[in-house]
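Subject: Structure for you to look at

Hello,

Here is the structure I promised to pass on. Please open it alongside this message, and you can follow the notes in the viewer as you read.

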Amino acid sequence: MTCPTVKLSTGASMPLVGLGTWQSKNNECYEAVKAALDAGYRHIDTAELYQNEKEIGRALKEKMDAGMKREEVFVVSKLWNTRHHPDDVLPACQKSLDDLGLEYLDLYLMHHPFPWARGDNLLPINADGKAEHSDVHFMDTWKEMEKLVDAGLVKAIGVSNFNISQMEEVLTNGRINPAVNQVESHPYVTCNRMLEFCTEKGVVMTAYCPLGAPGDLKDHGLAVLEDSELKKIAEKHGKTPAQVCLRWQVQRGVVVIPKSLRAARMVENSQIFDFELSAGDVEIINNLNRDGRVYKWEW
């Protein structure tokens, strides 16, 4: 698999298809990353919250020991909500680097705009079931992330789950513009306005949950891959509804990071560059939007 790339504002090239690793734990994550790299993937997305960076590091080391060069793989991690205090940003980044066994990250994202109580409890939940917040503003966190670029620990920085007004604040007041905004996006939450804004500002949009999290369908009820319109388009092109979802995103310049633990599915998810959706196909998919989110982030 030779994956096309998109150019970041830094000049770096980011593969349009990567492996998502959310909820991939322990040995299954290690095996999944190895399988992805063997299948030709050169973009791995993780985060401190996922608690799998050591396993990913083990897989990367094996491949690099076998001859893969560090610069051949694009590695993304994320600063978690409990690490927003300016004093915690560098140590958090360094821990991710140590766990991954890397000297630098290609991209480091602020996982959410909202800060939670400091400490090693990654989910500081109050008695009312809500997260315990702190009063750190995300711009103070962003300024510390900019220093990570200066230090050479990360090649690029970006944000995740930011809305347009929050992005405008970073673009207006930051020294370094975010290279990426990673958001939930699939045919039921198309994020057309966000994509238009990002494109105008030179920010690449990454879609997580690009297939609508079919494995968690019983929890959210969004049967994206069962949509009759997607099935018709897939049948027309001799592809699966999942491949149509991914092709729709990359065709509009959006990076996708579908999660899979199965090598055959990883290969299928990468086979989206041998067909093209028509303008009519794209319009149909755009019109499927219902602002149906898998993740509500009501913490």
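Predicted model: local features only at pLDDT ≥ 70, side-chain atom pairs only at ≥ 80, totals over all residues.

Let me start with the strands. There is an open sheet of 8 strands, paired in parallel, and its order runs E3-E4-E5-E6-E7-E8-E9-E10. At the edges sit strand E3 (19–20) and strand E10 (255–256), each of which pairs on one side only. The partner of E10 is strand E9 (residues 204–208), and the two are joined in the parallel sense over 2 bridges.

**Two buried residues**

Next, have a look at Asn 81, which you will find in the loop between strand E5 (74–79) and helix H3 (86–100). Why does Asn 81 count as buried? Its relative accessible area is 0%, and the label applies because anything under 20% is called buried. Leaving aside residues up to four places away in sequence, Asn 81 touches His 111, His 112, Phe 114, Pro 115 and Trp 116. With one of these, His 112, Asn 81 makes a side-chain polar contact of 3.2 Å. Leu 49 is 32 residues away from Asn 81 along the chain, and their C-alpha atoms are 9.0 Å apart.

Thr 141 belongs to helix H4 (residues 138–150). This threonine, Thr 141, is buried too, because its relative accessible area is 0%. Again not counting residues up to four places away in sequence, the contacts of Thr 141 are Leu 79, His 84, Val 89, Met 110 and Val 136.

**The pockets**

I expect you will want to go here next. The largest pocket holds about 850 Å³ of space. Its lining is made up of 36 residues, and those nearest the centre are Trp 22, Gln 23, Ala 213, Lys 259 and Tyr 295. Which element gives the largest share of that lining? Helix H10 (residues 263–270) does, with 3 residues. Sorted by class, the lining of the largest pocket comes out as 20 nonpolar, 10 polar and 6 charged residues.

The second largest pocket has about 470 Å³ of space. There are 23 residues around it, with Phe 162, Asn 163, Cys 191, Met 194 and Arg 293 closest to the centre. Helix H5 (164–173), strand E8 (180–184) and helix H6 (192–201) are the elements that each supply two or more residues to this lining. H6 contributes the most, with 3 residues. In the second largest pocket, the lining splits into 12 nonpolar, 6 polar and 5 charged residues.

That is everything from my side for now.

Best wishes

Methods
Residues numbered from 1 in each chain as written. Heavy atoms only, no water. 1 Å grid on protein atoms, 1.4 Å probe; cavity = no way out; pocket = protein on both sides within 12 Å on 5 of 7 lines; lining within 4 Å. Points joined across faces, edges and corners; volume = space filled by probe spheres on them. Helix = DSSP H or I, 4+ residues; strand = E, 2+ residues; numbered from the N terminus. Nonpolar A, V, L, I, M, F, W, Y, C, P; charged D, E, K, R; others polar. Pairing = 2+ DSSP bridges. Buried < 20%, exposed > 50% of the residue type's maximum accessible area, 1.4 Å probe, protein only. Contact = heavy atoms within 4.5 Å. Polar contact = N/O pair within 3.5 Å; in protein donor to acceptor, adjacent residues only side chain to side chain.
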